[in-house]
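Here is a short report for a first look at this structure. Keep the sequence and the 3D view at hand while reading.

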Amino acid sequence: MNAIAAGLAQQRDRALVKTNDNVRVAHYRLIVLMLLFALMIGVIAVRLLYLAVFDAPDRSPVVASIGSRADITDRNGIVLAATIKGISLAIRPPRVIGDKEKLATELARLFPTRTVEQYRRILNGKRKFVYLERGATPAKIHAVRLLGEPAIEEVSEPKRFYPQGTMASQVIGYMDIGGVPVSGMEAYLDKRLTSGANGSQPAALSIDSRVQAALESAIRTSAEKYFAVGGAGVVLDVHTGEVLAMASLPVFNSNAPGLIPVGTDPLRPDARYNRAISSVYELGSTFKVLTMANAIEQGVITDFGKRYDATAPIQVGGFRIRDDHPENRWMSVPDILIHSSNIGTARISEEIGPERTKAFFRKLGFDRAADLELGARGKPLWPGYWARTTVMTVAYGHGIAVSQLHLANAYAAVVNGGIMRPATMLKRQPGQVPQGKRVISEQTSYRVRQLMRLVVKEGTGRGTDIPGLRVGGKTGTAEKNLNGRYIHNSLVTTFAAAFPMDAPRYVVVVTMDEPKGIPETYGFRTAAWNALPAVKAVISRVGPLLGVIPDPSKDIDVSDMMPFVYKPEAKEKGVHAID
């Protein structure tokens with residue numbers, strides 16, 4: 001029995017040993033499997049890290065905030081800029097499975113911004129990711145799909161879209177392919193458009209799309225008709241300072257800023273250049289209205305029947321002041337403005353004097369860049385020394401250069417009752433309108449409006465006497481000045497107007513850059529022939545839209561001025577070519 005028990009004990013011990021051996025083997029195997037699994041995880045992690053850091057796509061980063069960038073609208077809610085889902089096309093050269101030579105040829109056909117040789121180098125090079133086209137069109141996407149190359153990818157990206165195309169392009173600005181605002185209100189409003197608090201709220205501009213379209217159309221029509229190299233215009237609310245329209249020709253499409261040819265001629269800048277605020281020109285006889293306002297305000301003019309000697313040019317040292325279309329007579333104050341007499345205006349400016357002239361022009365902001373949210377605002381060319389000739393010539397817009405916006409602001413102040421307010425590209429609510437500062441009295445403003453109305457009824461602005469809209473204004477023509485040298489064949493023509501003159505609401509300024517004479521104008525190329533028709537077209541179209549209903553029964557009373565307006569009984573009517 002003892003032998004049997006001992007045998008059983010030995011068998012049990014051998015079984016336990018074998019079981020323990022099996023457990024140890026299983027344990028070792030489990031450890032090995034766990035190590036192998038951990039190693040695989042490590043390899044995958046390292047590979048992902050490599051792909052993220054060392055094999056990252058060769059691409060320009062898109063600013064994350066563009067996806068939540070708020071819209072820009074006009075004052076009536078019309079969308080001018082919005083963010084949409086865009087598709088970009090890209091290729092991963094290492095993944096190309098087709099014939100690379102054939103693919104290079106096809107890519108050059110579809111995306112001609114690169115040559116076949118450049119695509120060949122891309123396909124055979126080390127770059128992992130290359131954009132073919134950002135913001136591709138549906139037609140281009142379809143064409144690429146037909147190639148059947150899986151290495152070409154469609155990348156979904158947020159894209160800034162400008163539904164109005166070229167409208168107000170210099171005002172709105174644009175963004176680069178990386179989503180960075182480059183110019184215009186896109187740049188000025190960048191923080192507001194992307195902020196957490198206001199990012200979803202549209203930013204309303206002061207622009208009225210209807211007025212903007214009318215202004216751009218009128219300038220384009222005149223530029224084409226008179227072969228001008230460019231043009232610009234501003235429509236300004238005289239009581240709020242809001243810019244209802246600002247146009248500059250030529251234009252560009254904010255959706256495709258890369259297609260803009262870069263200008264190299266300083267006299268003919270490219271389409272990104274906003275002539276309405278960046279260009280400073282001698283704006284000629286439009287300044288005569290401002291000189292009259294200053295003279296009335298300073299008490300230099302109290303009797304509108306007072307006459308000034310305009311029988312002959314004024315000789316000041318080696319400088320000669322003459323009239324382009326001389327009347328050769330003594331002229332009253334209304335006559336001087338109606339017939340745009342340089343001689344008469346110069347004599348009035350002598351009575352004002354240099355100090356009062358400088359002080360008034362400083363009040364109008366002519367010694368500094370205009371107040372506005374847009375960048376690239378031109379700084380006026382302010383005379384360094386105010387000699388006698390300087391005082392006389394700046395009175396009729398020569399020897400001092402300002403932008404269109406400067407002139408529009410000044411005209412708004414002298415017709416709205418005498419209050420100067422900063423202009424703005426943002427919509428202002430009634431309670432947000434700045435108080436402004438007084439530059440002339442209400443009585444002076446009324447007198448200036450009478451004179452401006454007479455210019456349209458009797459003088460150089462007759463072409464804008466639109467029935468019932470009571471327009472007043474002044475023409476101006478001057479030669480371009482480049483680095484102190486006048487370019488005699490390069491004229492800048494301007495017409496500045498306001499309406500309705502009995503209760504002014506809007507100022508309209510249009511400038512034509514280097515217009516040409518045509519048979520219809522008898523070869524003349526001054527403002528009355530080319531800038532004036534553009535202003536007339538704008539006012540005729542937008543007046544009723546803005547609530548100014550034509551009413552022949554209303555007008556500013558000029559009856560007390562009429563006795564001083566020279567009207568010979570037998571005055572021959574000839575070609576009207578005054579500036």
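Which elements do the buried residues of α4 pack against?

## Helix α4

This is a predicted model. In it, the buried residues of α4 pack against β2 (79-91), α2 (100-110), β3 (130-133) and β4 (152-161). Helix α4 covers residues 138-145. Its buried residues are Lys 140, Ile 141 and Val 144. They lie on the same side of α4, because they cover an arc of only 100° around the axis.

An α-helix has 3.6 residues a turn, so residues three or four places apart point the same way. The face of α4 turned away from the buried side carries exposed residues: Pro 138, Ala 139 and Arg 145.

In soluble globular proteins, nonpolar side chains tend to be buried together. Here, the largest nonpolar core has 97 residues. Met 246, Leu 290, Ile 301 and Phe 361 have the most contacts inside it. Helix α15 (residues 404-415) gives the most to this core, with nine residues.

What does Phe 361 touch, not counting residues up to four places away in sequence? The list holds Phe 287, Leu 290, Phe 366, Asp 367, Trp 382, Trp 386, Val 394 and Ile 400.

## Helix α17

Helix α17 runs over residues 527-542. It has 16 residues. From its first C-alpha to its last it reaches 21 Å, close to the 22 Å expected at 1.5 Å a residue. Where does α17 bend? The bend is at Pro 533, by about 25°.

The buried residues of α17 are Ala 527, Ala 528, Trp 529, Asn 530, Ala 531, Leu 532, Ala 534, Val 535, Val 538, Ile 539 and Val 542. They pack against α8 (209-225), β6 (230-237), β14 (472-482), β15 (485-499) and β16 (506-513).

## Ala 527

Is Ala 527 buried or exposed? Ala 527 counts as buried, because its relative accessibility is 0%. Its place is in helix α17. Leaving aside neighbours within four places in sequence, Ala 527 is in contact with Thr 475, Gly 476, Thr 477, Thr 493, Thr 494, Leu 532, Pro 533 and Asp 579. Thr 460 is 67 residues from Ala 527 in sequence. In space, the two are 9.1 Å apart, C-alpha to C-alpha.

## Backbone exceptions

Most residues other than glycine have a negative phi, and most peptide bonds are trans. A few places here depart from that pattern. A cis peptide bond joins Leu 249 and Pro 250, with omega about 5°. Pro 250 sits in the loop between β7 (243-249) and α9 (275-278). Phe 499 and Pro 500 are also joined by a cis peptide bond, with omega about -15°. Pro 500 is in the loop between β15 and β16.

Asn 328 is not a glycine, yet its phi is positive, about 55°. Asn 328 lies in the loop between β10 (319-321) and β11 (329-332). It counts as partly exposed, at 49% relative accessibility. Ser 340 is not a glycine either, and has a positive phi of about 50°. The loop between α11 (333-338) and α12 (342-352) holds Ser 340. Ser 340 is buried, with a relative accessible area of 6%.

Technical notes. Residues are numbered from 1 along each chain as its sequence is written. This is a predicted model: local features need pLDDT of at least 70, side-chain atom pairs count only at pLDDT 80 or more; totals for chains, interfaces and linings use all residues. Side-chain values use heavy atoms; hydrogens and water are left out. A nonpolar core is a set of buried Ala, Val, Leu, Ile, Met, Phe, Trp, Tyr and Cys residues joined through side-chain atoms within 4.5 Å. Buried means under 20% relative accessible area, exposed over 50%, partly exposed in between (1.4 Å probe, protein chains only). Helices (H or I, at least four residues) and strands (E, at least two) are DSSP runs, numbered from the N terminus. Contact means heavy atoms within 4.5 Å. The expected span of a helix is 1.5 Å times one less than its number of residues. The bend at a residue is the angle between axes fitted to the seven residues ending there and the seven starting there. The arc is that of the directions from the helix axis to the C-beta atoms.
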